[in-house]
Amino acid sequence: MKFVLNNKIEEIDAPLGSSTLDFLRKKGFTGVKEACHEGECGACMILLGEMEESTVKYKAVTSCILPLGEIIGKHVVTIEGINQEKLTPIQEAIVEEGASQCGFCTPGFVMSLTGFFLNEIFVKEDILTAIEGNLCRCGTYAAIKRAAEKIAEKIKVEDLNYSARVNYLIELGVIPEYFKNIHEKLEKLNEKLESNGKGTNVAGATDLLVQREKIEKPVFLSQLQIRNDIWEEDGYIYIGALASMEDIRLSEELNELFDIKNDLRVVSALPIRIRATLGGNLVNASPIGDLTIYFLGLGAEISLRKGEKSRILPLKDFYKGYKQMDLEEGEVVESLRIKSKKRFFNFEKVAMRKYVDIASVNSAISFEKEENKIKNVHLSVGGVAPVPKYLEKTSNFLNDKEVNSEVVREALEIADSEISPISDVRGSAKYKRLLVRQLIIAHFMTLFPEMEVKL
Ligand SMILES: Cc1cc2nc3c(=O)[nH]c(=O)nc-3n(C[C@H](O)[C@H](O)[C@H](O)COP(=O)(O)OP(=O)(O)OC[C@H]3O[C@@H](n4cnc5c(N)ncnc54)[C@H](O)[C@@H]3O)c2cc1C
């Protein structure tokens, strides 16, 4: 099983379910730092390049929770593979702005910023998004921010197509010359994973490799022809189970219907959103999974597949108890679908910090409006029950109602009777009850800005 490591072809001599970070450090690539080993801090950031049609496309990912099976036939770039005789413009800006103190986190920042310019969808204003998954224990954030903004001013890639962008970055010294030949190296490798389909299903592994050191008998779902794209068919928008959180966030189809680009900005951090998949979020069955709560609030349906057989059920019926789902042995999630129709929609998330944090409580609501009444209401809340909670009674109560303070007050009472929060590190049960109330009020204040909510 081969891959390209910086400028050389390498062979994997460790289990495919183990961490790429551990493998790289054992090989002597110690510029890839180990700190949290949970995808939280970004010290182990690498670039992962993959052939897409005839181009190699790169993403910055945390190597600690990247299973080795995912690098087969791909290009792995560590900080050692970026270093050249002179500092790169990114390294230079970091030095000039005094953005490196103890230096431990610096390789991670350099890799994230380099990856930013190589991202397929390039949004210049988002340079700080590129480093939202990197922590600096010295707290040099003001200088790092200055360096990032300086870099964004210096490197002008917005009008270039992907291949032209790679060439320009080589010319500027952001990435070394050898990037030009990677394409041929990968073509020559032509390595692909093979599996008998028996073992642990692996999607992005952002949950699996946090829970355990190594995944035994990994079955990489990309081998099972599960889709990773988003498409429209027969009046529905379908999202393949392997679609990443970031692809979902930036999907044109979904952004036509809701402001999902902004809504999902508060979900983990870019390197995690790039790897974490919809299917993983749904099957993880965390009561506070953000995508789960988002799509429950949209009345989504889930499609499950076993061999050639598929079945579809409402997402709200998929969850049976804490981490228990209506999922048979050998069955996988293949996609999720929502009606391709504009609905009134709002998503709220409260966490201990705004970005890169799991919610204390999150909630989503959607409905249609007919004359003055709201119809076809779906309301979900997370973090207040053993399952991602669909508020069935509250949704039914709100159906066909003209919204006013009285109706909201009654809905709050019903919602309170449907939840069963527990006290934990994310807040006391009492606090979470209060949050549910406040988030439902926030939904109505956002979707009925003209209404004065008097409670
Ligand atoms: C630093 C960090 C921050 C995070 N922040 C957030 C956050 O803000 N919000 C949030 O919701 N989550 C967050 N997470 C949690 C995690 O990233 C998500 O739950 C993620 O969506 C899991 O997806 P994955 O593809 O990585 O799943 P994996 O780890 O690959 O799999 C998770 C589980 O799902 C199963 N599985 C995966 N796909 C399928 C399928 N198609 N069919 C059947 N079974 C399947 C696997 O077997 C496994 O049991 C965070 C994680 C990290 C490390």
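Trainee: In which sense do strand β1 and strand β5 pair?
Mentor: This is a predicted model: local features need pLDDT of at least 70, side-chain atom pairs count only at pLDDT 80 or more, and totals for chains, interfaces and linings use all residues. Residues are numbered from 1 along each chain as its sequence is written. Helices (H or I, at least four residues) and strands (E, at least two) are DSSP runs numbered from the N terminus, and two strands pair if DSSP finds at least two bridges between them. β1 (residues 2-5) and β5 (residues 75-77) share two bridges, and their sense is parallel.

Trainee: What angle does the direction of helix α8 make with that of β1?
Mentor: Helix α8 (residues 182-189) touches β1, β2, β3, β4 and β5, where contact puts C-beta atoms, placed from the backbone, within 7 Å. Axes are lines fitted to C-alpha atoms, for helices over the stretch in contact, and angles between N-to-C directions run from 0 to 180 degrees. For α8 and β1 the value is about 165 degrees.

Trainee: Which are the edge strands of the open sheet?
Mentor: The five strands have the order β2-β1-β5-β3-β4, with mixed pairing. Two strands pair on one side only, and they are β2 (8-11) and β4.

Trainee: Which element gives the most to the shell around the ligand?
Mentor: The ligand is surrounded by 32 residues, each with its C-beta atom, placed from the backbone, within 6 Å. Elements giving two or more residues include β6 (200-202), α13 (270-275) and α14 (278-284). With five residues, the one that gives the most is α14.

Key:
Two residues are in contact if their C-beta atoms, placed from the backbone, lie within 7 Å.
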